[in-house]
Amino acid sequence: TNTGYQSAATNTGYQSAATNTGNRSAATNTGYQSAATNTGDQSAATNTGNWSAATNTGNRSAATVSQKDSVAIVTGYQSKAKGAKGSWLVLTEREDYAGDWAIKGIQAVLVDGTKIKSDSWYSLIEGKVVEVDE
């Protein structure tokens with residue numbers, strides 16, 4: 001666990017968690033049945049374990065999973081996610097309502113390798129799942 005800015009929380013153990021609340025930071029986990037979570041803006045949550053989750057709630061942030069049956073979740077404004085074939089992406093679109101970034105929509109998609117490509121970044125834009133630049 002790390003609460004500092006521009007910092008890293010790393011975990012390589014099984015059934016473990018890496019957590020970071022700092023902006024421009026990284027939470028990384030390579031263990032199985034684990035979670036990498038980040039709440040800072042412009043940050044990254046990465047997980048390479050099976051049956052794991054990478055979650056990022058910061059604006060302009062990213063979540064990545066590299067094993068099937070895992071989930072990459074992003075809930076911040078202008079965020080993106082990518083995953084391996086057989087994983088799921090949960091994408092959130094936000095809209096500015098008088099300074100309040102309200103949720104406009106949420107979609108979950110399976111990385112099937114065809115419609116949703118593996119190891120490609122995706123965002124939810126105008127209600128559509130869109131491939132975006134790195």
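**View A. R60 touches Q42, S43, Y77, Q78 and S79, when residues up to four places away in sequence are not counted.** To touch, or to be in contact, means to have heavy atoms within 4.5 Å. The model is predicted: local features need pLDDT of at least 70 and side-chain atom pairs count only at pLDDT 80 or more, while totals for chains, interfaces and linings use all residues. Residues are numbered from 1 along each chain as its sequence is written, and side-chain values use heavy atoms, with hydrogens and water left out. R60 lies in the loop between strands β6 (53-56) and β7 (62-65). Its relative accessibility is 45%, and R60 therefore counts as partly exposed (buried is under 20% relative accessible area, exposed is over 50%, and partly exposed is in between, with a 1.4 Å probe and protein chains only). The C-alpha atom of R60 is separated by 6.1 Å from that of D41, although the two residues stand 19 residues apart along the chain.

**View B. The protein as a whole has 13 strands and zero helices.** Both kinds of element are DSSP runs numbered from the N terminus, a helix (H or I) having at least four residues and a strand (E) at least two. From the N terminus on, the order of elements is β-β-β-β-β-β-β-β-β-β-β-β-β. The protein contains 134 residues, and 41% of them are buried. Of the contacts between residues at least 6 apart in sequence, 12% join residues at least 24 apart.

**View C. Strand β7 pairs with strand β5 and also with strand β9.** Two strands pair if DSSP finds at least two bridges between them. Strand β5 (residues 44-47) and β7 run in the parallel sense and share four bridges; here A62 of β7 is the bridge partner of A44. The pairing of β7 with β9 (residues 80-83) is likewise parallel, over four bridges. In this second pairing, T64 has K82 in β9 as its bridge partner. Which residues of β7 point one way, and which the other way? A62 and T64 point one way from the strand, A63 and V65 point the other way, and all of these residues are buried. In a regular strand the side chains alternate between the two faces of the sheet.

**View D. A81 is a residue of strand β9.** Is A81 buried or exposed? A81 counts as buried because its relative accessibility is 0%. Once its neighbours within four places in sequence are left aside, the contacts of A81 are A63, A72, V74, L89, L91, S120, W121 and Y122. One of them, A63, belongs to the residues of β7 shown in View C. A62 is 19 residues away from A81 along the chain, and the C-alpha atoms of these two residues are separated by 5.5 Å.

**View E. Strands β12 and β13 form a hairpin.** Strand β12 covers residues 122-125 and strand β13 covers residues 128-131. They pair in the antiparallel sense, over four bridges. Y122, which is also among the contacts of A81, stands opposite E131 in β13. How many residues lie between the two strands of the hairpin? There are two residues between β12 and β13. In this turn, E126 has a positive phi of about 55 degrees.
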